[in-house]
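The report below takes the core and the helices around it in turn.

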Amino acid sequence: MRTALLLAPLLAAGCLTGDPDNGKSTFQYQCAGCHGADGSGGLQIGGVADTGGGVSEAGVSANLKERLPELTDDRVLDVLWHGKGAMPGQFSEDDSAALDVLAYLRTDF
Ligand code: HEC
């Protein structure tokens with residue numbers, strides 16, 4: 001909540017377009033099952049078990065804490081829309097929920 005208050009001026013200035021609070025609920029509901037509640041992995045999908053550091057045996061990383069700083073906003077949105085590897089696309093391109101999740105990832109991660 002406090003974070004949201006601090007972010008209000010940023011949102012008003014148009015620096016962020018999504019709502020991080022909405023994004024947080026969506027993340028818990030839609031992403032945490034694969035990425036862990038705090039985004040640090042915990043992936044167990046399709047026989048590719050997470051090895052603890054968030055990097056699977058196949059060499060892919062579902063550890064968002066590690067990956068996010070390396071990814072541009074455009075890249076994250078592309079993954080949210082179209083998926084990557086074992087991750088299916090999560091939102092259609094006209095769904096503002098993707099922007100909310102992006103805002104959450106950029107503020108709380
Ligand atoms: C079915 C499991 C699953 C769900 C649900 C899922 N992901 Fe993923 N995600 C993955 C896997 C597996 C990878 C690693 C893919 C790879 O690198 O091949 C990944 C990778 C990513 C990446 C990094 C992409 C990159 O270029 O390295 C981001 C960002 C991401 N997920 C965000 C999300 C968000 C946000 C949600 C919820 C809206 C979500 N994911 C839902 C499985 C999932």
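Predicted model: local features only at pLDDT ≥ 70, side-chain atom pairs only at ≥ 80, totals over all residues.

The largest nonpolar core is made up of 10 residues, namely Phe27, Cys31, Leu64, Leu80, Ala98, Val101, Leu102, Ala103, Tyr104 and Leu105. Helix H6, residues 97-108, gives the most to this core, contributing six residues. In soluble globular proteins, nonpolar side chains tend to be buried together.

The buried residues of H6 include Asp100 as well as Ala98 and Val101, and what covers the buried residues of this helix includes H2, H4 (64-67) and H5 (73-82). The 12 residues of H6 should span 16 Å at 1.5 Å a residue, and this agrees with its end C-alpha atoms, which are 16 Å apart.

In helix H2, residues 20-30, the buried residues are Pro20, Gly23, Thr26 and Phe27. Seen down the axis of H2, these residues fall within an arc of 115 degrees, so they line one face of the helix, whereas the face turned away from the buried side carries the exposed residues Gln28 and Tyr29.

| Residue | Contacts |
|---|---|
| Leu105 | Leu64, Leu68 and Val76 |
| Leu68 | Leu105 and Phe109 |

Leu68 is found in the loop between H4 and H5. With 15 other C-beta atoms within 10 Å, Leu68 is partly exposed. The C-alpha atoms of Leu68 and Arg106 are separated by 8.2 Å, although these residues are 38 residues apart along the chain.

Notes: Residues numbered from 1 in each chain as written. Core = buried A, V, L, I, M, F, W, Y, C linked by C-beta atoms within 7 Å. Buried ≥ 20, exposed ≤ 12 C-beta atoms within 10 Å, placed from the backbone. Helix = DSSP H or I, 4+ residues; strand = E, 2+ residues; numbered from the N terminus. Contact = placed C-beta atoms within 7 Å. Arc of directions from axis to C-beta. Expected span 1.5 Å × (residues − 1). Lists of a residue's contacts leave out its neighbours within four places in sequence.
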